[in-house]
Amino acid sequence: MDIRTRRLRGSDLLRKMTRETRLSVNSLIYPMFIREGTGIVEDIPSLEGQVRYSPDTIVQGIEIALKAGVRSFLFFGLPEEKDEVGSGAYDENGVVQQALRNIKKQFGSDVYLITDLCLCEYTSHGHCGLIIKDYVDNDSTLPLLAKTALSHAQAGADMVAPSGMMDGTIAALRQGLDSEGFIDIPIMSYAAKYASAFYGPFRDAAGSAPQFGDRKTYQMDYHNSNEAIKRIMIDIDESADLIIVKPALPSLDIIAKAREAINLPIAAYSVSGEYAMIKAAGAADLIDEYNVMCESAVSIYRAGADILITYYAKELAAAIGKGDIG
């Protein structure tokens, strides 16, 4: 027998002992939705098993996740009112800012809070930047993103994650945060974010679908891989501390290519469409939901990701605890 092709003999414990890819619960980030109002705990039809909370009830969702072993969270805000300049994003009493203060008051350093920075959830037109003469204007958007980052840091965010794909965002945020003394707030950049059809359930959950046109002028064409590495390198040059590849499963090659190119931590965002497909196929008894969830997660880490942003964070934490994917 060719020794190079021999499979490892022995017990299941031995196979687990010699695994090449290992997952840690500390590498999981759980995305959560915060809706303006009070007393809100509502199921999200497009994302089975996920919930919208209000700033006062978000602590309930955090507590559930903590009991499952998840300590890191990524927040998306849903304001009651929207306008053309997305003013709710940088309002010191905005929905995310309120939630941050409540969570930190309740849990302190037991949690790690990350905030998504984009205007699309707050603008009446649903685009990620200001609209000038029917176009998304990159440069006039940057000061508002920096203002949003500062308001989140002041409210208790441990990290900010700009997702709007505006050129120069990282430099603008770093300068804005540093100038106000927040030199230790890291920036996790959505550096490689494709214009993907996999975002549909999220846009329903967050009420962030564009009211006209699409986002292909500032999100990447999924035909391109070299562009992803170029954007990653630009953001690193502008002082990004971590980078995100999104969506995860359709971009395993990009994760692997980025892993070869950089030494910074790589986060992969397993997006709403990936989650919804597994959920729907499991509900139809077409697949084993649990095992597909596990296999999908492992494939993302195997490609080179260090961090996984996923709606399955609580379930994956349990699977890691049982040794199924740890």
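How many cavities of 30 Å³ or more does the structure hold? The structure, a predicted model in which local features need pLDDT of at least 70, side-chain atom pairs count only at pLDDT 80 or more, and totals for chains, interfaces and linings use all residues, holds two. Residues are numbered from 1 along each chain as its sequence is written, and side-chain values use heavy atoms, without hydrogens and water.

A cavity is a set of points, on a 1 Å grid over the protein atoms alone, where a 1.4 Å probe fits but cannot get out; lining residues have an atom within 4 Å of a point. The second largest cavity contains about 100 Å³ of space, a volume being the space filled by probe spheres set on the points. It is lined by 15 residues, of which S270, I278, S296, T310 and Y312 are the closest to its centre. At least two lining residues come from each of α9 (272–283), α10 (289–303) and β12 (307–310), where helices (H or I, at least four residues) and strands (E, at least two) are DSSP runs numbered from the N terminus. The largest share, four residues, belongs to α10.

In α11 (residues 313–322), the buried residues are A313, L316, A317, A319 and I320. They lie on the same side of α11 because they cover an arc of only 160° around the axis, taken from the directions from the helix axis to the C-beta atoms. The face turned away from that buried side carries the exposed G321 and K322 (buried is under 20% relative accessible area and exposed over 50%, with a 1.4 Å probe and protein chains only). After α11 comes G323, with a positive phi near 85°.

Terms used:
1 Å grid on protein atoms, 1.4 Å probe; cavity = no way out; pocket = protein on both sides within 12 Å on 5 of 7 lines; lining within 4 Å.
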